[in-house]
Amino acid sequence: MTLPSEHLIASSRKASGQMADRDTPFIFNEWYVAAFSSEVGRELKPRTLLGKHVVLYRTLAGEAVALEDRCAHRSFPLSRSHLDGDTIVCGYHGFRYNEAGDLIDVPSQKACPKGIGVRRYRLVEKGPLLWIWLGDQALADEARLPHQPWIEAADWECSTGYFHHPGNYVSMHENLMDLTHLTFLHAATIGTPDYASAPFKLDLKEGHYKLIREVVPTTLSPVWGKTTGLDGCNTAARIVTSEFLSPGLHRVSVTFYDSALSPGQRSEYHIHTAHILTPETAGTMHYFIVHGRDFAQHDTQLGDFMHEQLFAAFNEDVEGLGALEQRLGDIDDGHYEISVASDAPAVATRIYLKKRATQERSPLHASPLAAKA
Amino acid sequence: MTLPSEHLIASSRKASGQMADRDTPFIFNEWYVAAFSSEVGRELKPRTLLGKHVVLYRTLAGEAVALEDRCAHRSFPLSRSHLDGDTIVCGYHGFRYNEAGDLIDVPSQKACPKGIGVRRYRLVEKGPLLWIWLGDQALADEARLPHQPWIEAADWECSTGYFHHPGNYVSMHENLMDLTHLTFLHAATIGTPDYASAPFKLDLKEGHYKLIREVVPTTLSPVWGKTTGLDGCNTAARIVTSEFLSPGLHRVSVTFYDSALSPGQRSEYHIHTAHILTPETAGTMHYFIVHGRDFAQHDTQLGDFMHEQLFAAFNEDVEGLGALEQRLGDIDDGHYEISVASDAPAVATRIYLKKRATQERSPLHASPLAAKA
Amino acid sequence: MTLPSEHLIASSRKASGQMADRDTPFIFNEWYVAAFSSEVGRELKPRTLLGKHVVLYRTLAGEAVALEDRCAHRSFPLSRSHLDGDTIVCGYHGFRYNEAGDLIDVPSQKACPKGIGVRRYRLVEKGPLLWIWLGDQALADEARLPHQPWIEAADWECSTGYFHHPGNYVSMHENLMDLTHLTFLHAATIGTPDYASAPFKLDLKEGHYKLIREVVPTTLSPVWGKTTGLDGCNTAARIVTSEFLSPGLHRVSVTFYDSALSPGQRSEYHIHTAHILTPETAGTMHYFIVHGRDFAQHDTQLGDFMHEQLFAAFNEDVEGLGALEQRLGDIDDGHYEISVASDAPAVATRIYLKKRATQERSPLHASPLAAKA
């Protein structure tokens, strides 16, 4: 039994102390996806986002609205109420709020008290996604939204899915920044044995962490082989770019081709996966996924096969990280974590998340984002 | 988005600080209903009341007994034991207690230790209700029991029901002292649109808070219309008196008649509802209900219809306040509540409950009740 | 209502303060059963023992291995991984550990970091039992293992069972050291009315507490009567020895015979029951049971009957102590426990457990066991 030395444990703890983990507060001044656009309509939809209770609905004109899900009177959840046109009528005593969140009627009295209302959160609808800004509303800058034009592009075909994930969002970011786990956690689905040891390049800029892994030559697992026609080809290339784009978004982009052919001769196949992470509570997360391809766009059967295979793999992440979350919720004083070289992008991501969370809570809060805005 | 000013929030918080809420300790020196009489017999019945574990049973002579549900030896729940005549034989090591709670036998030894026993709580049986005094037994004064003679009166017909309510008793008192919620929470059952804005009178005496709301002229919802014969009458009167009678009892009394007829000509129909609130834990409550009428006493079908309609409405309270409880259990530092004019009786009730709870915990506890006793 | 005097309550609390209870830390420097041998094979088996997460498996050569169930990298449970020969390959990023717990491969890099590993716990296999030492591995002394040779003896026939017990191990030890509960908790199964008041002898040595209860003459409950042939005999003898052998083991040994016959004439029947208590968490316990007899060894039908009857009785302990655990988890400032004469061996046991737990946590920890070793 070789246990790490006291010195090694002490230094690993010091390093971990700089990194976000499940105990790190949320980062509010960011865009997160609140819901798929299709989830929000003329029913009042409650959702907990970054620990905040929010009610979502659409006005008669179709505008999506997000209000604090709590009547200013006696805290009744407004989501247990009903819409009258564009206004919410509280289901308890009938207090009425317009879509701006302003209190506009108290049924038991003629005069409505002035200057009362509930918080409205800025929403931006981009194709199938509804983005929300839960922090300081004055800082909500649409230009900073990590928009993904490919999701709506005519030459890309996308499919979507959702998991109510039983884990913190930090460990999911870490998972996505270290895809060596494909060989092991996804051995039965999308991983191949050579993935974990393939060479990689890093491009780590503050707040944008990129990892490029080139698995060449390789063979492709069925989800990619059968759909690109490279099935059985043992000179396939799989060029994977993993990118942390924001606390709420990680994108994986892959290019497949036959490396035995020259760039001019070969066909290239591209996919993107938007891993959209919206914390719900410290131990749970809304996991929205949009997956797109730029080939066989009209082949429904192929699309269904790819979706099924991929979501089986994502379910392995959900189950594995759910089990990890339970273990992390139960650590004792003796806990430590040892990092290795391939952890560099994940560690950079976690340090950034911790820094952002700390900055937001600083009394002299001068967020670099606020400065930019 | 119009949020309340900092000043308004600060003053609303100051006001709330004077009022009982789910974090306020229970008031022990009061009569509460422990059970319907019919629930207690020759089986040992466990029940948690104001956080205390109690075991209930009847002696062979039929007297109801309430003891601490914990053997003095190793804390085994006496309710998992058996009766031998009027004595409880602990189900673990056979320690035996008489109906006074005195330890009278230890099977493993000849001499029973002297001066050992478990707490006995004073019970008073009044018709279908078993009232208990869980506080200082020396203060238990039957004259202070909020007896409701109509429940047993020959010319009143009553029906009873019970909910294990997933909420604190304070929010239920508040609910009952502000019946403007009938128009909204009970829109589908007993409420009518004009209820919330009807004129009301208050009579707020220390410990007895009364609200009288006169809804005249009105139409009656089916539960009252069909049973009084005033269905379809658009000159109906509905005179509602809501009374906080004790921390464990709220009574709603209603008179219905046709306001187009003079007092001499018209028939009047009366109902009473005893809303009996016995806290179980901070977040749960035993909700006993006795509903009575002084008309159509022998019409079983009508009685069944009324019962069914009413308990559907009470179930709306249980579900709505259960949802509210979850929200109140999850408030953050930013929480506040804004009161309006119609909250006056509910606010008076909550201030009284807070004062009583504080007095009981005062080291110089000179309860006005104790003084009276 | 006779409540104990303030003085009596104060002295009982002082006494209880010396005794272990559900809040007492575990004693790690001891042998506990981790599993039945038959439970551990070539699958990775997770088990929580004394609050520690452990993964159990066997090498190809058949040796049982117990490792810390947590990858040193990112704390992934190794039990969610797979075996490759004798090594565990972490199911997340493929970190590989040999059966000593040493990290021997990191797939994403050529050189494996040196000096990393997870804790290995000493296991000793004795017949059907796998014993583990979870404390200081340097103190693990096989000579101190409370070996029970009868379990493997040719002339004894044994059967085994397991309960996931919803209670702390201390109250189970107390239960076993005070068998007067047979008359009450087991009235329907193995108890008889005369058991609780039968004379008993004590032999209380530090760390080995023995209680001998002689129930003579008696009648036997069916489980013993029907299997020994003493059914219906009203001069039966039941000589019971209850022994606390270690924090993880209590043994009950019984001799049955017909007391009307002289020692030379009569047949004697012996049974042993090993009550093997391995804490899981503060409120749960692994309850392994091995029951053996030295008669009718080859009578399968008799053995099945005895097993069924006995385990019905043990299930009464599990249910009863589970209910007790809930009550103990909910005690308030007014709590106390009154001990009587028959509690002497249980009290001695609890004082010993408390002393051991305290010693282990002492900064000048000079365990008497360590000294012996």
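**Close-up views of a predicted three-chain model**

**Figure 1. Overall make-up of chain A.** In this predicted model, chain A holds 6 helices and 17 strands, where helices (H or I, at least four residues) and strands (E, at least two) are DSSP runs numbered from the N terminus. The radius of gyration of chain A is 23 Å, close to the 21 Å that the globule rule gives for 373 residues, so chain A is as compact as a globular protein of that length. The radius is taken over C-alpha atoms, and the rule is 2.2 Å times the number of residues to the power 0.38. Along the principal axes, the C-alpha atoms of chain A fill a box of roughly 80 × 60 × 35 Å. Of its 373 residues, 44% count as buried; a residue is buried if 20 or more other C-beta atoms lie within 10 Å of its own, exposed if 12 or fewer, and partly exposed in between, with C-beta atoms placed from the backbone. Among contacts in chain A between residues at least 6 apart in sequence, 59% join residues at least 24 apart. Two residues are in contact if their C-beta atoms, placed from the backbone, lie within 7 Å. Residues are numbered from 1 along each chain as its sequence is written, and chains are lettered from A and ligands numbered from 1 in the order in which they are written. Because the model is predicted, local features need pLDDT of at least 70 and side-chain atom pairs count only at pLDDT 80 or more, while totals for chains, interfaces and linings use all residues.

**Figure 2. The largest nonpolar core and the surroundings of Ala34(C).** The largest nonpolar core has 221 residues, a core being a set of buried Ala, Val, Leu, Ile, Met, Phe, Trp, Tyr and Cys residues joined through C-beta atoms within 7 Å. The residues with the most contacts inside this core are Ala34(A), Ile132(A), Ala34(B), Ile132(B), Ala34(C) and Ile132(C). Not counting residues up to four places away in sequence, Ala34(C) touches Arg47(C), Leu49(C), Val54(C), Leu56(C), Ala66(C), Leu123(C), Leu130(C), Trp131(C) and Ile132(C). In soluble globular proteins, nonpolar side chains tend to be buried together.

**Figure 3. Helix 4 of chain C and its cover.** At 1.5 Å a residue, the 29 residues of helix 4 (residues 300-328) of chain C should span 42 Å, and its end C-alpha atoms are 41 Å apart, which agrees. The expected span is 1.5 Å times one less than the number of residues. Buried residues of helix 4 of chain C include Met306(C), Leu310(C), Phe314(C), Leu321(C) and Leu328(C), together with the charged Glu316(C), Asp317(C) and Glu325(C). Their cover includes strand 11 (157-165), helix 2 (169-177), helix 3 (222-228) and strand 17 (284-293) of chain C.

**Figure 4. Ala236(B) in strand 14.** Ala236(B) belongs to strand 14 (residues 236-246) of chain B and is buried, with 23 other C-beta atoms within 10 Å. Ala236(B) and Val216(B) are 20 residues apart in sequence, yet 6.5 Å apart in space, C-alpha to C-alpha. Leaving aside neighbours within four places in sequence, the contacts of Ala236(B) include Pro217(B), Leu220(B), Leu230(B), Phe256(B) and Asp258(B).

Figure 5. Most residues other than glycine have a negative phi, and most peptide bonds are trans. The peptide bond from Val216(A) to Pro217(A) is cis, with omega near -10°, and Pro217(A) is in strand 13 (residues 208-218) of chain A. Leu50(B) has a phi near 50°, a positive value in a residue other than glycine. Leu50(B) lies in the loop between strand 2 (45-49) and strand 3 (52-58) of chain B, and with 21 C-beta neighbours inside 10 Å it counts as buried.
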